[in-house]
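Here's a quick briefing on how some pieces of this model pack together. Take a look at the structure first, then we'll go through the contacts by topic.

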Amino acid sequence: MSKGTNIRMWHRTVFVLLMMIVAGFGAVVFNLVRLQIVEGETLKMRAVDNQVKDTVLTAQRGTIYDQNLKILAQSATVWQVVLEPAYITDKNRDVIAAGLSEILGLDKETILKHSKKKTYYDVIKRKVESSVKDQIVAFKDKNDITNGIRLIEDYKRYYPYGTLASTILGFTGTDSQGLSGIEAEYDSELTGVSGKLVTAKNAIGTDMQYDYEQEVPAQDGHSLVLTIDEVVQHILEKNLAEGLADNNVQNRGCAIIMNVKTGAIIAMAVKGDFDPNDPFTIADKTQADAIAKMTDGAEKTQAIQKAQQAQWRNKCVSDTYQPGSVFKMITGASAMEENLVSENTQFSCPGYLKVGDRIIHDWRRSGFGSLTFAQGICKSSNVVFMKVGQLLGPDLFFKYFDAFGFTSKTGIDLPGESRSLYYTASQLKPVELATSAFGQSFTITPIQMVTACAAVANGGYLVHPHVVDRILDSVGNIVKTAETSPKRQVISEDTSKRISAILQQDATSGTASSGYIPGYRIAGKTGTSEKQEIKTSKEYIASYCGFAPADDPRIAMLVFYDEPHGSSYYGSQVAGPVFLKTMSEVLPYLGVEPVYTEEEMAKLDAQTPSVTGMTVAQAKNKIFQNGLTSQFYGSGEKVVSQVPEPGKSIPKGGQVVLFTDEQSASKTVAVPDLVGLTLAQANERASAVGINLSITGAALSGTANTISKLQDVPAGTKVSPGTVVTVSFIETSHVE
Amino acid sequence: MTRHQGTVTPMPRNMSKRPTGEIHAAAAYGKKVRKKFRIFSVRSGMDLPFLFLVMVLLIIGLIMMFSASYANAFYRHNGNSYFFISKQAIFAVLGLVVMFAVSYFDYHHFHEFAIPILLVSYALLVLVRFMPAVNGVHRWIDLGPFGQFQPSEIAKFSIVLIFAHLISLNFNRMGTFLYGVLPYALILGMTAALLMWEPHVSATVIIALIGAVMLFIGGVKLRWFVGAFSIFGAGVAYLVLFAKEYAYASDRITAWLDPFSNATPELIADTWQTRQSLYAIGSGGLLGLGLGQSRQKFLYLPEPQNDFIFAIVCEELGFIGALIIIILFAMLIWRGITISLRSRDKFGRLLGIGLIVQVGLQVILNVAVVTNTIPNTGISLPFFSYGGTSLVILLAEMGIVLSISRTSAIEKI
C-alpha cells in the first residue's frame with residue numbers, strides 16, 4: 001500500500017463527490033429553478049388547463065326548443081369507454097377483452113391489441129348509452145376488475161323529430177361542437193362554460209375528496225327558444241316534399257314562413273335535407289344508392305362530400321337567384337310610393353318594348369293591349385314593369401332596391417348567408433333597369449325576398465329576420481331576446497295597403513290565383529326565372545311569394561323550387577299549389593278567422609246537420625233544408641250513422657250519406673283519381689262513387705280554364721261513401 | 001454548521017493537516033481496533049449524523065409517499081387510502097431493524113459473501129427472465145405476501161461488493177490490464193447482459209456507472225475509461241438509432257425531446273407521464289401547494305407513489321421543499337463518503353463509497369427523469385419511492401455504511 005495510490009484514491013473520491021454534488025445535484029437544482037420559478041406560472045396554467053380538459057366534465061349543451069317549448073335538440077349523458085392498458089394484467093386481459101367485445105360489439109382481437117399498448121389511457125368506444133355503461137359496471141363488479149377499464153361521462157346530441165327543421169338546427173360533431181345551422185351559429189351560447197377549476201374532479205372524472213376553495217363549477221350551456229313552430233314546420237315540410245316529388249325537382253326546394261310584423265321565422269324548410277342524428281349519411285336514397293355503387297377511391301370520397309355539403313346547405317340563406325316576377329311587387333310598391341303610378345294608371349302593352357337598341361318581349365308575345373297598373377300586376381306584364389322602371393329611373397329604383405334590403409345581408413342568425421349581386425344606380429343602363437324592374441339581371445337570397453315581401457305587407461317596415469326568439473340560461477331565466485323592432489320604414493302604410501289590395505286581387509283572379517283560398521284573403525305573386533348561370537340547358541326556378549290575410553297581414557311565405565323537371569316549370573303551377581295547400585293548413589292553425597265575400601259565400605260549403613237518431617223522413621228533410629242532398633243505405637227505420645259527421649263543411653249541394661243499420665255502415669268505396677280534371681269532370685267522378693268534393697284554389701274565382709292539381713286523399717284509398725276529399729285547382733290560362 | 005466543519009477536519013487526535021497523514025493514521029487506528037472484536041463491531045459507536053440523515057429522509061419519504069399514494073390508493077384499491085403507506089410503513093420498520101442489525105455486523109465478513117452474492121444475483125437475473133412480463137419487460141419476481149422484488153436491486157449491491165472485494169485485494173495491481181480491468185469488465189459485462197435481457201436499461205446504466213466510479217477510485221488508468229466510454233457511447237447510439245427491439249427506448253427519447261408534442265396519439269401516450277410530471281413540478285412554484293394538496297396525484301400522474309414521487313414533492317412543497325430534500329441527500333452523500341474515506345481499510349472505503357455513490361446516482365438520475373433532464377426511464381428515488389423490498393435492501397446498505405462508521409476514524413458525536 002503505497003502513499004501515492006492512497007493519495008490518488010483520495011483525490012479521485014473527492015473528484016467523484018464534487019462531480020455528484022456540483023454537476024449532478026447542480027444540474028437538477030438548475031432544472032428545478034427553471035421549471036418551478038421561471039416557467040412555473042406557464043406550467044401551472046397548462047396544468048390547470050390539462051386538469052380542466054381531462055376531467056371531461058364538459059358543460060351540458062343547451063336545449064333547443066320550438067316556439068311552444070317542444071324539444072327540437074337535446075343533450076343526454078353517454079359514456080366513453082377507456083382502457084388503461086398499463087393496469088391490465090395478463091391474468092385478466094382475456095376476460096376484459098371477451099367481456100367488452102360482447103357488451104360493446106367490438107372485435108375481441110382489436111381490444112386485445114389495445115390492451116397491450118404501453119399507455120395509461122386508450123379510448124376504445126365513444127358515445128355509449130347509459131344502459132351499456134351499466135352493463136360494463138356490472139361486468140367489472142362480477143369479475144372483480146378494479147383497474148383497467150374507465151368510464152368517462154360525455155354528452156350526445158339527440159334530435160327527437162329526426163329530419164324536421166334539420167337545416168335550421170344543423171348538427172354537432174363528435175366533440176359536441178356545432179357544425180352547421182343554429183348549432184354552429186349559437187355554438188358559444190349552447191356550449192356553456194367549462195369548469196375553470198378542475199380540482200373538483202380527478203382524471204377519471206369522479207369527485208376528489210378534497211374541498212378546494214377556488215372551485216368554479218362548469219356552467220351548462222344556454223338553451224334557445226326558436227321562433228319556429230313545430231306544427232307549422234311540419235306542415236310546410238310535408239307540402240314542400242310533396243311538391244318536390246310531384247314536379248321532379250332536380251336541385252332541391254325551400255320555403256320560408258315569416259311573421260311579417262316581427263321578422264320571426266315561423267318555419268323554414270329545405271328539401272332534401274338530412275337527419276341531424278346521423279348527418280353524414282346521404283339522406284337522398286337515389287343519390288346514396290348511386291354513390292354506394294361507385295368503386296372506392298378519391299372520386300367516391302369527393303361524391304360523398306359533395307352530397308353531404310349539398311344536403312347541409314341552407315338554400316333559404318345560402319342560395320341566390322333571380323326573383324323574376326315576384327319582384328314586381330317591389331318595383332310596383334316603389335313606384336306607388338313615389339306617386340309615379342296609381343292603380344288605374346294606363347299602360348299600353350304591345351307584347352314587347354324597345355329599350356335602347358334591344359327589343360325585350362313580354363312572356364305573352366301577343367301582348368295584352370291596354371292595361372291598368374293593377375291589371376299589369378295581375379297579368380304579370382313585363383312590358384308594364386319595364387315602363388314603371390323607366391318612370392322610376394335608375395336612382396329611385398336603386399334607392400328602393402337598397403331600402404328594401406337587397407344590397408346587404410339580412411343578418412338572420414343562421415350561418416352562411418350569401419351576398420346579393422346587383423347593378424348600382426350608376427351601373428343601371430336602360431337595358432339593365434328595364435330587366436331589373438321585372439326581377440331579372442340581379443341575384444338575391446330567398447330570405448331577402450321574403451323579408452322585402454313582409455315589408456310590402458306590414459305597412460312598409462323592414463324587419464330583422466331571426467330564428468332564435470330568446471336565449472335562456474340553465475335555470476330558465478331569459479338572457480337575451482331577439483330584436484323585433486323594424487330596421488326602417490321603406491314605404492308608407494297607405495302604399496302598403498294599396499299594393500296589398502292589388503296583390504290580393506292577383507291571388508284571387510290573376511296569375512297567382514293558384515294560391516287562392518276562399519275566406520283567407522291571400523295576396524301573392526308568382527315568379528318563374530331562368531337560371532342564367534346554366535348555359536347548356538334552360539333551367540328554371542319556380543317560386544311563389546305572398547302573404548295573408550291581405551287586410552291585416554300575419555305571415556309572409558316564399559316557396560322556391562330549383563330546376564323543376566315535371567310537366568311544368570311555372571311558378572304558378574309548381575310553387576303555387578304548395579303555397580296554397582300550406583296556407584290553407586297553417587292559417588286555421590294560427591287562428592286566422594276566414595272572412596268570405598258574398599260571391600264566395602254563394603259557392604261555399606254548407607254545414608252538415610246532425611241527423612243521427614232521426615227517422616229517415618226527418619233526416620231527409622233536415623238535410624235538404626241545409627242545401628244538401630241525402631243518400632240512404634240499409635234497411636232500418638232510423639239513421640244510425642252519417643258521413644260526413646255533423647258540423648263538417650262540404651260544398652253546397654253535396655251528398656250526406658246516411659246508414660240505417662250497422663252492416664251497411666261498413667260499406668266502402670274507392671276514391672277516384674281527381675287530378676288533371678276540370679271542375680265539372682271532378683264533380684262527375686266524385687258523385688259517381690258517392691263521395692264529396694271540397695274545392696280550393698282557382699276554381700272558386702269563377703274562371704273557366706281551371707284544372708285540378710292536388711287531392712288530399714290519394715286515389716284508390718278505401719273510404720266510407722260521403723267522405724270529403726279536398727281538391728285544389730289552378731288556372732291554366734294564366735302562366736308566365 | 002460547526003458539525004460539518006468537523007467532518008471536513010477529521011480525526012480527534014493526531015492533528016495532521018495533510019490528508020495522507022490522516023489516512024495513514026486512520027488505517028493504523030483501524031488495525032489496532034480490529035483485533036479487539038470479531039463478528040460484531042460494537043466497540044465504537046456508529047456515526048450519529050449519518051444515522052440522523054437516514055432517519056430524517058426515511059420519515060420525510062414515508063410522509064410524502066403517503067401523500068402521493070393517497071389518491072391512487074383510494075381510487076384503485078376500493079377506497080383504502082392507506083393501501084400503499086401501510087405496507088411501506090411495515091417494510092420501513094423491518095428495514096430499520098435490519099439496518100441496526102447490519103450496523104453491528106463487522107463488514108469485513110462481506111469479503112466472504114462477495115462471490116456467493118454475485119452468483120445469487122446472476123441466478124435471480126436468469127430466473128426473473130422466466131417470470132410473467134409486466135408491460136413487456138421481465139423485472140419482477142413475485143414474493144406473494146411480501147410483494148414484489150427486483151433482482152436488479154441485488155445486482156447493484158453485488159457489483160459494489162465484488163468490486164470492493166477485488167479492488168481491495170488487488171489494489172497495487174490496479175494499473176495492469178489483467179488485474180485492473182479484465183475481471184471487472186467480465187463481471188460487469190455479464191450483469192449488464194443479463195439486465196439487458198429483461199430488458200432493463202436504467203438499471204444497466206446505473207450499474208455501469210457505479211462500476212466505473214469504483215474502478216476510477218480504485219486506481220484504474222484513465223485511458224481505459226476513455227476507451228470504455230467510447231464503446232459505451234457508440235452502443236447507446238446504436239440502440240437508440242437502429243435496434244428495433246429497443247424501439248420503446250427510442251420512442252422515449254423522442255418523447256424526451258418534446259414532452260408536449262401532440263404529433264401522434266402514440267406520442268401523446270408516451271409523453272403523458274412526463275408532461276403530467278412537468279405540470280406537477282411547475283404547479284408547485286416557489287412555495288408549493290401545501291402538503292397533501294397536490295392535484296396531479298389525482299390520477300393525472302400515473303403511479304405517483306413510484307418513480308415520479310418527486311414531482312408530487314415539488315408540487316406540494318414547492319422549490320424550497322424540494323431544495324431542502326436535495327440538500328439533505330447531498331449531506332447524506334457527503335457524510336457517507338467522509339465516513340468511507342476515513343475507513344480503516346480499503347475494503348471499507350470502497351464498499352462505503354460504492355453504496356453511497358449508488359444512492360447519489362439514483363437520486364440524481366431520478367430527479368433528472370422527473371424534471372425531463374434525461375429521457376424517461378424507471379429509476380426509483382431512495383427512501384421515497386414505493387417498494388418494500390427495495391427499501392429494506394436500501395436500509396440494509398445504510399446499515400453497512402453505519403457498520404463502517406463504527407471503526408471509521410471520524411469524530412463521533
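On one side of this helix pair, α13(A) brings in A:Met329, A:Gly332, A:Ala333, A:Met336 and A:Glu337. They meet A:Thr495, A:Arg498, A:Ile499 and A:Leu503 of α18(A). Keep in mind that this is a predicted model.

**α13 and α18 of chain A**
- Sorted by class, this contact has five nonpolar, two polar and two charged residues.
- The helices in question are α13 (residues 328-337) and α18 (residues 493-509) of chain A, and their axes come within 10 Å and cross at roughly 140°.
- That angle makes α13(A) oblique to α18(A).
- The crossing of α13(A) past α18(A) is right-handed.

**α9 and α19 of chain A**
- Here the axes of α9 (residues 230-246) and α19 (residues 571-589) of chain A come within 9 Å, crossing at roughly 160°.
- α9(A) and α19(A) are therefore roughly antiparallel.
- α9(A) also goes past α19(A) in a right-handed crossing.
- Residues of α9(A) in the contact include A:Val231, A:Ile235 and A:Leu240, while those of α19(A) include A:Val574, A:Lys581 and A:Tyr589.
- The class tally for this contact is 10 nonpolar, three polar and two charged residues.

**Where chain B touches chain A**
- Chain B puts 53 residues into the contact, and chain A puts in 50 residues.
- On the chain B side, elements giving two or more residues include α2 (19-34), α3 (48-76) and α14 (346-370).
- α13(B) supplies the largest share of that side, with 11 residues.
- The chain B side splits into 36 nonpolar, 15 polar and two charged residues.

Notes
Residues numbered from 1 in each chain as written. Chains lettered and ligands numbered in written order. Predicted model: local features only at pLDDT ≥ 70, side-chain atom pairs only at ≥ 80, totals over all residues. Contact = placed C-beta atoms within 7 Å. Helix = DSSP H or I, 4+ residues; strand = E, 2+ residues; numbered from the N terminus. Nonpolar A, V, L, I, M, F, W, Y, C, P; charged D, E, K, R; others polar. Axes fitted to C-alpha atoms, helices over the stretch in contact; angles between N-to-C directions. Parallel < 35°, antiparallel > 145°, perpendicular 65-115°, else oblique. Left-handed = near helix turned anticlockwise from the far one by under 90°.
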